[in-house]
Amino acid sequence: MRPSTSSPRPLSGLASLIGAPSGTSRAPLAAVSGITIDSRRVRRGDLYVALPGASAHGASFAAQALSAGAAAILTDPAGREAAVATGLPVLVVPDPRALLGRVAAWVYGEPVKGLTVIGVTGTSGKSTSTFLLEAGLRAAGHRAGLIGGVEIRAGELRFAPTLTTPEASDLQGLFALMREQGVTAAAMEVSSHALALGRVDSVFYDVALFTNLSQDHLDFHRDLDDYFATKARLFTPEMSRAGVVNVDDAHGRELLGLAKIPMTTFSAAGSPDAEWRAVDVRLGADGSSFRVAGPGGVEEDATVALPGPFNVANALGAIVSLVEAGVPLRTAVAGVGALAGVPGRMERVTGAEDFQAIVDYSHKPGAVESVLRSLREVTAGRLTVVLGCGGDRDRGKRPMMGEAAARLADVAILTSDNPRSEDPLRILAEMMDGVLGVPEEGRAHVIIEPDRAAAIDLAIGRAGFGDVVVVAGKGHEQGQYVGGQVLPFDDRQVVADAVVRRRNRTGRRSTYGE
């Protein structure tokens, strides 16, 4: 994800920019045309940034970078000796990661300049919001880009992401590729990890959107306050021109008092205190319709092809952000309404017999609660959820997710998600701690099936007329992390296969979704 060509830039200019003394006398003569922190991805002419790692220092791979064609190395004092041993020009600074965004932007000639960028942060709704934003930008005539955990787009080019927000070196290369592809505007997810680790340094956002905040990533952040404070960094003059905030969320209201930039408020619940509101909301199994009511009495009828009130909030937030970015309201509404769906986000699997089968990425307590509440409103029969929790991640979420499933569903089938290095049964036991906190008279029928494929097959096999089955947690993902392996696993395909097996057993054709 970088441009096919890039003009070499003199290393002496970079040394002056960051105040880095040279490790060799050849630095003034060197030039770089790309940048990477991964020695395996070095291209000829690259600046290889050797960072300290969890198990090894990047400078240990300096020789590999040399063989691949690196033109120079940037590292810290601990990596200086190994870097200098290559004979390449070396720049040394105390903390190269802290400068990575600034350096990468310099290498690629400040590619964000001239590009309209809308950033989205929050716990839930980031991916959906960026897809809605990209659709609105395209409706406005932009050649659009998209950066997030589901997909990366640069005009007509498509890439599979490895992180919600790419590393700073990759991100600036991606923006340079967008510039090469004629992209004029982009929507991107901005994760708390990206803000904390400086991945989005040297990116300036025309508009920053805050969706909501609930417990997540407490294996990385000290606590919920630290998580929120990290998100709030996006709403400062150094990073964004203007902000858009969901005031139906308590942390959104708190952000209003902290933000250092002009903020525009919206409410999908129709709060009279918000500048933009969704009114006359009509929810349906295939999506929702509502009227956008804005400042000065402006109004426009809108639709979103994604079910649930939280997707009304995502759609309204995207519409308001587009307007703040200069898109006419009617155009923004039309673009958002034209989006048919988002991979793994309330995605319906076709072929089900008289019931609905849905795959969703909800993998945190607030998202699970929102999805189940939304689906309850369109469920004529029983609501079944298949849910697991990830291993080696925030353990505090597990009882909360188990409790939400047991409280809000009729049937909760607890299973494995991505157990990684943990024992799946231990994860399930911690989910059960939350289940047992739900009074028995109001508790779902709970089934434990550690094998995810078997759990999905069980849910589909038990579904009756008017039921809704939601398989939650993995969404668009196409692998399952078990131990040190990544096993092929796509919830959508596994659900589709289970539907076919059910059809073959019953001999009945589907009357839903075909």
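Guide: The expected span of a helix is 1.5 Å times one less than its number of residues. Keep that in mind for this predicted model.

Visitor: How do you know that the reach of helix α10 is close to the expected one?

Guide: Helix α10, residues 309–324, has 16 residues. At 1.5 Å a residue, 22 Å is expected. From first C-alpha to last, α10 reaches 23 Å, so the two values are close.

Visitor: What makes α10 mostly covered?

Guide: A residue is called buried because its relative accessible area is under 20%. In α10, 12 of the 16 residues are buried. Among them are Asn-311, Val-312, Leu-316 and Ile-319. Just after α10, Gly-326 takes a positive phi of about 100 degrees.

Visitor: Why are both faces of strand β20 called covered?

Guide: In a regular strand the side chains alternate between the two faces of the sheet. In β20, Leu-383, Val-385 and Leu-387 lie on one side. Thr-384 and Val-386 lie on the other. Each of these falls under the 20% cut-off, so both faces count as covered.

Visitor: How do you know that β20 and β23 pair?

Guide: Pairing needs at least two bridges. β20 and β23, residues 468–472, have 4 bridges, so they pair, in the parallel sense. Thr-384 has Val-469 as its bridge partner in β23.

Visitor: What makes β20 and β21 a pair?

Guide: They also have 4 bridges, in the parallel sense. That meets the cut-off of at least two, so they pair. Val-385 stands opposite Ala-412 in β21. The chain crosses from β20 through helix α13 to β21, and this β-α-β crossover is right-handed.

Notes:
Residues are numbered from 1 along each chain as its sequence is written. This is a predicted model: local features need pLDDT of at least 70, side-chain atom pairs count only at pLDDT 80 or more; totals for chains, interfaces and linings use all residues. Side-chain values use heavy atoms; hydrogens and water are left out. Buried means under 20% relative accessible area, exposed over 50%, partly exposed in between (1.4 Å probe, protein chains only). A crossover is right-handed if, with the strands pointing away from the viewer, the path from the first strand over the helix to the second runs clockwise.
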